[in-house]
Amino acid sequence: MMQPKRLSVKYFVQGDLPFPVEDVAPIFQEWIQQHVVEGLLIDVADYKHVKQGPGIVLIGDEGDYALDLRQGRPGLLYVRKRALPDTLEESLQLTFRLANAAAKMLERERALKELKFNFDQAEIAFLDRLEAPNTPETFEVLRESLQKFATTFFNNEAVQVESVETDPRKVFTVRIGVLQEAHS
Amino acid sequence: MTANTWKRALEGKMPTDWAEEIDTFEGQISLKKQNKLDDKVFAETRLRRGTYGQRYDNGQRDDGIQVQTLNFPSGTLLKGPETLWDAPGMQRIKVPFGGLTTAQMEVLAELADEYSDGILHVTTRQDFQLHYIHIEDTPDLMRRLAAVGITSREACGNTVRNVTACPLAGICRSEAFDVTPYADEVAKFLLGHDDTQDFGRKFKTAFSGCEHHACGLVRMHDLGFLAQVKEVDGELKRGFKVFVGGGLGTIPYQAQILREFATEDEIMPLSQATARVFARLGEKKNRNRARIKFLVESVGIEEFRRLVDEELKTLPKDERWTSYLENVPNHSETPVKPAFSLNGDPVSAEFNAWYETNVYPQRQEGYSTITVNLPLGDLTSDQMYGLVDIARKYVGDNIRTTVEQNIVLRWVSNHDLPALYQELAEIGLGESGAGTIVDITSCPGTDTCKLGIASSRGLAGELRTRLAAKNASLPEAVKNLRVKVSGCFNSCGQHHIADIGFFGNSRRSGNRKVPHFQLVLGGQWEENGGSFGMAIGAIPSKRVPDVLDMLTDRYAHERERGESFQSWITRLGKQAVRAMLEPYTALPTFEENPELFSDWGNSRVYSINDIGIGECAGEVVSLFSIEISQAESEHFEALVALDDGHFVKADESAYRSMVMAARALVRTQYPNVGQEPQRIVDEFRTRFYDTEIFFDKYAKGKFAQYFFERHENPSDTHTRESAYRVIEEARLFIEAVHECEARYTASLGLTL
């Protein structure tokens, strides 16, 4: 089974409100001071000057947390860089758990009072072109595992798994989530 | 089924020698993990592969409240002295003359995705840097680069660094000839050459095509080649005016002329002989005096020329010196599209603004080179893929990075400019203002650099945002100014050659530190970095935007017709400029204005030395503060004397300012030291130098040596250059005294 060296999960912000990205860097600095999220936290990288970039990144050792602005869709991104478990399923569980916890922590931040994430859907990127090239074959190999993981994670039989990045140069990326009809 | 390692996947696709070098490096990583390699040896080994340490890699970080220990999983395993194994590092990637292909750009984007944080950073020497890299990822990263013809070998360490060249070479309207093939071949020739492996410090080389533009900035390089065509024996020949011994760094040096004219077949042996002389006679122990500029200064340019000439006679002939020359006339770039002019269709106001600043009409009719203006030198991997698509459509592989941290696309058919602009704008790369006051250059500063004192990127980002908002209304004379920011005195942001430069430092208010930037005015970007600016005064970081507004407003209103910024500053005189700054320099207490005690882009309370908060909070002005301010005044007198052409007086005042600063420090321990310089020097040496209390973590005792040297060996001859140097050295010594006093009082738990 494919096991990438790096894996990321992104929860998107709900709604179209302009996002106060400048308020996030001080929050991440506080997270370092108070060890708010799991992992060894090192520093905050500020890329708000870059259009549709990584936004504000809380750099860690095992993983980075970011208020990510790529694709023009703000979201909480957790990138697991190191110390991934042995199996893809465990890696997904770990990465989702940490992304989920960080997104909920951000929602509780007073300075971001209107911030809400859509927890019914997430994007997974396999940051390892050697192990998981962005091809239809990779999707076919992974589809069943991802479907199974999504069913368990969302506690719902009606889940959807779709490949979202067609450019073969880019990292293999899938979106998983609860089917809209099932959710409503 | 995929290959399970990059080594296997790329087998046969990398040059054999490069592949072997990377395998060796990977082996050295394994040995170091087993503690079978010395820390210093491994550090130099990885640096020679461009693999750097980053801020906090000693495992300590001040979070604004307390110093936290970063408990990395590999514990105390090191990758260099005081550099922890797991700490994120930086990978520098050399790009000779800035030349890139689209295939290389794609791989760079891949690496940013998989090993870094999705950001590619263009440096002030046409390199790329990726940050937050783990050492164990570097061999695969290097293999992937090698497979597209890029090596990071000798991107750092005491080696020949990236060979830079004017990004307009070959399409420039005023160049003598295209320097590209020469820069490319010299870079290849010197890479890994036996004669370039034993330097005491780094060695930077540059090529320029023209004398009067900024071009390749050859006057500030260790070795610089300026293209010229001259008649030799009745025949027009290509050659170069060759410069040696220039450099910015803490004290900038203008390069001197090694050869008035070296023919094209002479430049390789001349480079080799220069490298040999530097390796043999350059300083090795004291790294603060180890650049070639110090060797040239100490032996004198005439003796240096003689040494190089003697060395040339001993060199065994090497066919590589000339073998490439037969291909030089064939060097050319192929446009993707035929030349067509703009068709006169209506265009947007945004396009017009971009056209005005980002488009350079080539000497080849119907073509232009366009500048992709990168904020702070950064672009995302997605933007890089987008740029690749645009390049393939309009220009092919005719792409270069610039020392102003941008990327240029060459050979754009003028007809395509509106469409190309539109496509750049769609990927967030359509900003106008390239090469203007908005296009601010900055080194990494405290964001990632271990030496950073203040947030150069934070400041540059803030200035860029403010200036961009009012760019359209700025007067033309102001638009054309250049602003450059360094996070410390080392000048990686090239602040010495900006109209308005800044470098990071700090001051104490009460028992806290306040981030500051030293204002440097009057540098010259044109004429290949023709002259260096002078430090005028330190301004709290958060007030720098106001100071920039004040300076540019006054320049716009007070300048005489056609008067340059440098001329305006000279006409005003430093006293008047200094007086302009005074309203911005007074420091409040933390309680009065806590905003001033943090840096741009960083909400933490500013700290470098983990100063504790004492009981007597900061309104009391210490004796040290009074006396160091007197030293500052004396230093300013030196600046004024230099302006007035009184070089002896300038030298003496600069020296006196050092004595006064040393005395202020000595008196924190020994109030009765008196006024006699020798005694002050002795006491300073005994109490602060020999004990290493004065030593900064990175600069060690470097700045005290400036003081000792001037005290013990005053110069008999006084020129503008010699006085300038002593003034700059005094400035750095005074800054170091400030730092030392803060560290010292903090260590005692005192607030003075």
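**Cavities and the interface**

The second largest cavity is lined by A:Arg6, A:Gly60, A:Asp61, A:Lys81, A:Arg82, B:Asp86, B:Pro88, B:Tyr132, B:Ile133, B:His134 and B:Asp137. A cavity here is a set of points, on a 1 Å grid over the protein atoms alone, where a 1.4 Å probe fits but cannot get out, and lining residues have an atom within 4 Å of a point. This is a predicted model, in which local features need pLDDT of at least 70 and side-chain atom pairs count only at pLDDT 80 or more, while totals for chains, interfaces and linings use all residues. Residues are numbered from 1 along each chain as its sequence is written, chains are lettered from A in the order in which they are written, and side-chain values use heavy atoms, with hydrogens and water left out.

Back to that cavity. Its volume is about 70 Å³, a volume being the space filled by probe spheres set on the points, with grid points joined across faces, edges and corners. Its lining has six charged, three nonpolar and two polar residues. Nonpolar means Ala, Val, Leu, Ile, Met, Phe, Trp, Tyr, Cys and Pro; charged means Asp, Glu, Lys and Arg; the others, Gly among them, are polar.

The largest cavity has a volume of about 140 Å³. Of the 15 residues that line this one, A:Tyr47, B:His131, B:Asp447, B:Thr448 and B:Arg457 lie nearest its centre. Which element gives the largest share of the lining of the largest cavity? That is β2(A), with four residues; helices (H or I, at least four residues) and strands (E, at least two) are DSSP runs, numbered from the N terminus.

Now the interface. In contact, meaning heavy atoms within 4.5 Å, are 50 residues of chain B and 35 residues of chain A. The area buried between them is about 3500 Å², with carbon and sulfur atoms giving 51%; buried area is the accessible area (1.4 Å probe) that two parts lose on being put together, summed over both. B:Arg61, B:Glu114 and B:Tyr132 supply 16% of what chain B buries against chain A, more than any other three residues.

How many salt bridges are there between chain B and chain A? The count is eight, where a salt bridge is a side-chain nitrogen of Lys or Arg within 4 Å of a carboxyl oxygen of Asp or Glu. One salt bridge joins the side chains of B:Arg604 and A:Asp43, at 4.0 Å from N to O.

Notes: 1 Å grid on protein atoms, 1.4 Å probe; cavity = no way out; pocket = protein on both sides within 12 Å on 5 of 7 lines; lining within 4 Å.
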